[in-house]
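Biologist: I have not looked at this one before. Can you take me through it?
Modeller: Here it is.

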Number of protein chains: 2
Amino acid sequence: MANLDSIFHGLADPTRRAVIARLAQGPAPVSELAAPHAMALPSFLKHLKVLEASGWVESEKSGRVRTCRLRPEAAKTAEDWLGRQRRDWEARLDRLDAFLTDIEDERDTDDA
Amino acid sequence: MANLDSIFHGLADPTRRAVIARLAQGPAPVSELAAPHAMALPSFLKHLKVLEASGWVESEKSGRVRTCRLRPEAAKTAEDWLGRQRRDWEARLDRLDAFLTDIEDERDTDDA
DNA sequence: ATCAAGGTTAGCCATGTGGCTATCTATCGG
DNA sequence: CCGATAGATAGCCACATGGCTAACCTTGAT
């Protein structure tokens, strides 16, 4: 696994997001993952290493083929963090709303 | 707004995530945002610019104070992408499950 | 035993990132 | 008007990132 820094860093590149999207459909060998990307293999392998280091991907080699698969825990970690912020944000809007309603109520009370 | 690259890049740093978490509680001026972070103001301002460029934060200056607020659309964009991958992933597991069940059924049929 | 396929490693290069200091501008309070 | 406050700009530096080529190592097929 890894920390939020590397998990989000993993997502901050279109090549790496494409790999994740591909692996969400199921495991694949390195060469198949690399095929759609117009870059030399070593360059692509760096991206793959970033994804492994950040916990997005795990792989094992059998024979000369390395098969990669997605680790959804990474996605969960990312979604959890985002969800937490969203909850805070919405709670704040609720409080703001309650506050504004209170003001309104007080004005009504004054009026009465 | 901005693209996924910059949105996720914005999240790939603890200082910037802390700013986002703080702003989820409500708007704040630059100096208040900077206070918890042990770094010089110009360094902090760079992070803030990254967040503005990526669409996470918007700000306006009145007098000598710049007030920053969160733009939740950025969070939505990020969550949407992650959610899409998760849906694909789960759909794939469902298909896999159905496939395995089919195998099982065929074996049962053979047995009968 | 060889050759091709599938990665892997090493090393180079340009650019980006994240930190700093020093300096500057613009506002607010008195 | 003067000093203090809030932030902005410029420029420097070290290291990370993302690309490349060239050479290498295993494994599989013939």
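**A walk through the model**

Modeller: To begin with chain A, buried residues make up 37% of its 112 residues, where buried means under 20% relative accessible area, exposed over 50% and partly exposed in between, using a 1.4 Å probe and protein chains only. This is a predicted model, in which local features need pLDDT of at least 70, side-chain atom pairs count only at pLDDT 80 or more, and totals for chains, interfaces and linings use all residues. Residues are numbered from 1 along each chain as its sequence is written, chains are lettered from A and ligands numbered from 1 in the order in which they are written, and side-chain values use heavy atoms, with hydrogens and water left out.

Biologist: How many helices and strands does chain A have?
Modeller: Chain A has five helices and three strands. Helices (H or I, at least four residues) and strands (E, at least two) are DSSP runs, numbered from the N terminus. Along the sequence the pattern is α-α-β-α-α-β-β-α.

Biologist: And what share of the contacts in chain A is between residues 24 or more positions apart?
Modeller: Such residues account for 52% of the contacts in chain A with a separation of 6 or more. Contact means heavy atoms within 4.5 Å.

Biologist: Which residues of helix α1 in chain A are buried?
Modeller: In α1, residues 4–11 of chain A, the buried ones are L4(A), I7(A), F8(A), G10(A) and L11(A). Seen down the axis of α1(A), they fall within an arc of 150°, so they line one face of the helix. The arc is taken over the directions from the helix axis to the C-beta atoms.

Biologist: Switching to the interface. How many residues of chain A are in contact with chain B?
Modeller: 30 residues of chain A are in contact with 30 residues of chain B. The two chains bury about 2600 Å² between them, 63% of it on carbon and sulfur atoms. Buried area is the accessible area (1.4 Å probe) that two parts lose on being put together, summed over both. In chain A, E79(A), L82(A) and W89(A) lose the most area to chain B, together 23% of what that side buries.

Biologist: How many salt bridges are there between chain A and chain B?
Modeller: Four salt bridges are counted between chain A and chain B, a salt bridge being a side-chain nitrogen of Lys or Arg within 4 Å of a carboxyl oxygen of Asp or Glu. R17(A) forms a salt bridge with D5(B), with the closest N and O atoms 2.7 Å apart.

Biologist: Which elements of chain A touch chain B, then?
Modeller: Those giving two or more residues to that side of chain A are α1, α2 (14–23) and α5 (72–111). α5(A) gives the most, with 12 residues. The residues on that side divide into 17 nonpolar, five polar and eight charged. Here Ala, Val, Leu, Ile, Met, Phe, Trp, Tyr, Cys and Pro count as nonpolar, Asp, Glu, Lys and Arg as charged, and the others, Gly among them, as polar.

Biologist: What about salt bridges over all chains, how many?
Modeller: The structure holds 14 salt bridges over all chains. One of them joins K76(A) and D80(A), at 2.9 Å from N to O. Both residues lie in helix α5 of chain A, four residues apart, about one turn of the helix. D80(A) is partly exposed, at 34% relative accessibility.

Biologist: Is R71(A) buried or exposed?
Modeller: R71(A) counts as buried, at 16% relative accessibility. R71(A) forms a salt bridge with E73(A), the closest N and O atoms being 3.4 Å apart. E73(A) counts as partly exposed, at 38%.

Biologist: Over to chain B. Where is I20(B)?
Modeller: I20(B) is in helix α2, residues 14–23 of chain B. I20(B) is buried, with a relative accessible area of 0%. Leaving aside neighbours within four places in sequence, I20(B) is in contact with W81(A), L11(B), L51(B), W56(B) and L70(B).

Biologist: Last one: which strand holds S59(B)?
Modeller: S59(B) is found in strand β2, residues 57–62 of chain B. Polar contacts join the side chain of S59(B) to that of E52(B) at 2.7 Å and to that of R66(B) at 3.0 Å. A polar contact is a pair of N or O atoms within 3.5 Å; within protein, one must be able to donate a hydrogen and the other to accept it, and residues adjacent in sequence count only if both atoms are side-chain atoms.
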